[in-house]
Amino acid sequence: MDWLIGAVCAAMVAAAAYRRRSLSESGAAAAILMGTIYYGAGNLFWFGTLLLFFITSTLLTRYGKRRKAELEKSYAKTGRRDAGQVFANGGIGMILCLLHAIQPSELWVMLYIGVMATVTADTWATELGSLSRKQPRSILGGRKLTAGESGGITWLGSSATGAGSLLIGAGGWLLAEWSGMDPSFLPYLAAGLTGGLVGAFADSILGASLQVMYRCQVCGRAVEVSRHCGKATVYHRGFRWLSNDAVNLISSLLGGAAAYGTALLFTIY
């Protein structure tokens, strides 16, 4: 019955997101598969935390969309999420959910809090930070960057990073409480905050140093895409294999590890 409930709920959410052009066809299919597994193999805690990330991120993506339209042309991924982006944001969590179903452990739970805090914090920082009226600065060195360039941070974006992290920590605790998991509030909140901050800033550091970037031959901007301003871009810097999705994967793992380490401190002390 849990698998059926998961499939129906996931299909309803995916259909609504597809109609509002928040998900592509492949993204909607991936969301249905992922949501079914999250609820079927897990419970409300796993499914609800994923939903918390998706709904808030979708709303923020649509907020100020006209102002962000030009910046989206520089990103490897746009506001309409495809299957690759859906799995990049929720794939690790799905694996942790399955591992917890096979061998229940607080390890998988806290890793999940950190991973979801990372993707939420990173998305919030991007969507709100891109609306900042102040020019972003590189997280490495502090030089001024073009709006939308990888590795750039603003006070608005950094504040959004903390807010998104806390939301996942607090929301995860509440959902765990409703699921009968007997959670402690402070470890969840601290794990969410630490995991989100570590993961999101690791994403920025990798984006400013090692992620592959291209140079537009028309406007001269450093971008993540192979085409910009209607022409093919040229290699600019970074490891060619370290794409935006690879950076998201690495930062999510680091955020998960930081969250678990933080929660472990509460157990020790």
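In this predicted model, helix H3, which spans residues 44-62, packs against helix H7, residues 155-178, at an angle of about 145 degrees, and the axes of the two helices lie 8 Å apart. The crossing in which H3 passes H7 is right-handed. On the H3 side the contact is made by Leu44, Phe45, Gly48, Thr49, Leu52, Phe53 and Thr56, and these residues meet Leu167, Ile168, Gly171, Gly172, Leu175, Ala176 and Trp178 of H7.

Leaving aside residues up to four places away in sequence, Thr161 touches Ala121, Ala125, Gly196, Leu197, Ala200 and Phe201.

Turning to the strands, an open sheet is formed by three of them in the order S4-S3-S7, with antiparallel pairing. Strands S4 and S7 are the edge strands, each of which pairs on one side only. Strand S3 and S7 are joined in the antiparallel sense over three bridges, and within this pairing Met213 has Arg237 in S7 as its bridge partner.

| Strand | Residues |
|---|---|
| S4 | residues 222-223 |
| S3 | residues 213-215 |
| S7 | residues 234-237 |

Notes: Residues numbered from 1 in each chain as written. Predicted model: local features only at pLDDT ≥ 70, side-chain atom pairs only at ≥ 80, totals over all residues. Heavy atoms only, no water. Axes fitted to C-alpha atoms, helices over the stretch in contact; angles between N-to-C directions. Helix = DSSP H or I, 4+ residues; strand = E, 2+ residues; numbered from the N terminus. Left-handed = near helix turned anticlockwise from the far one by under 90°. Contact = heavy atoms within 4.5 Å. Pairing = 2+ DSSP bridges.
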